[in-house]
Amino acid sequence: MVRAVVQVAPIMALCLLVPPVPLAYRLSAAFGGLFIALIFSMAFMTETIEHRAAKAGYPPGTAARVRAERAERDRVERHSPYRRNGAGSFD
């Protein structure tokens with residue numbers, strides 16, 4: 001999410017400084033654009049992660065596989081009567 005904010009920050013600055021309209025309009029345009037940018041960033045997050053992992057040299061599907069393995073490991077540990085990496089219970 002920070003990456004999306006950093007990418008949109010220059011455009012937000014332009015929206016706040018350049019147009020000759022009241023401040024309320026400039027603020028609503030800048031933060032509305034930020035909101036839309038964050039929505040798109042979240043919507044395409046998994047695809048972006050896969051693309052970045054493939055660019056780093058990992059085989060396609062590695063990020064999804066690692067995410068699934070981690071979720072399965074967490075699920076097994078959560079349902080285990082003797083938890084290994086944490087004390088107490090969720091009750």
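I looked up Glu69 and found that it forms a salt bridge with Arg65, with the closest N and O atoms 3.1 Å apart (a salt bridge being a side-chain nitrogen of Lys or Arg within 4 Å of a carboxyl oxygen of Asp or Glu). Both Glu69 and Arg65 lie in helix 4, 4 residues apart, or about one turn of the helix; helices here are DSSP runs (H or I) of at least four residues, numbered from the N terminus. I counted 2 salt bridges in the structure.

I noted that this is a predicted model, in which local features need pLDDT of at least 70 and side-chain atom pairs count only at pLDDT 80 or more, while totals for chains, interfaces and linings use all residues. Residues are numbered from 1 along each chain as its sequence is written, and side-chain values use heavy atoms, with hydrogens and water left out.

I then checked pLDDT, the predictor's confidence in each residue from 0 to 100: the chain has a mean of 87, and 88% of its residues reach 70 or more.

Next I examined helix 3 (residues 45–55), where Thr46, Ile49, Glu50 and Ala53 meet Thr62, Ala63, Ala64 and Arg67 of helix 4, contact meaning heavy atoms within 4.5 Å. By class I recorded 4 nonpolar, 2 polar and 2 charged residues in this contact (Ala, Val, Leu, Ile, Met, Phe, Trp, Tyr, Cys and Pro count as nonpolar, Asp, Glu, Lys and Arg as charged, and the others, Gly among them, as polar).

Notes. Helices (H or I, at least four residues) and strands (E, at least two) are DSSP runs, numbered from the N terminus.
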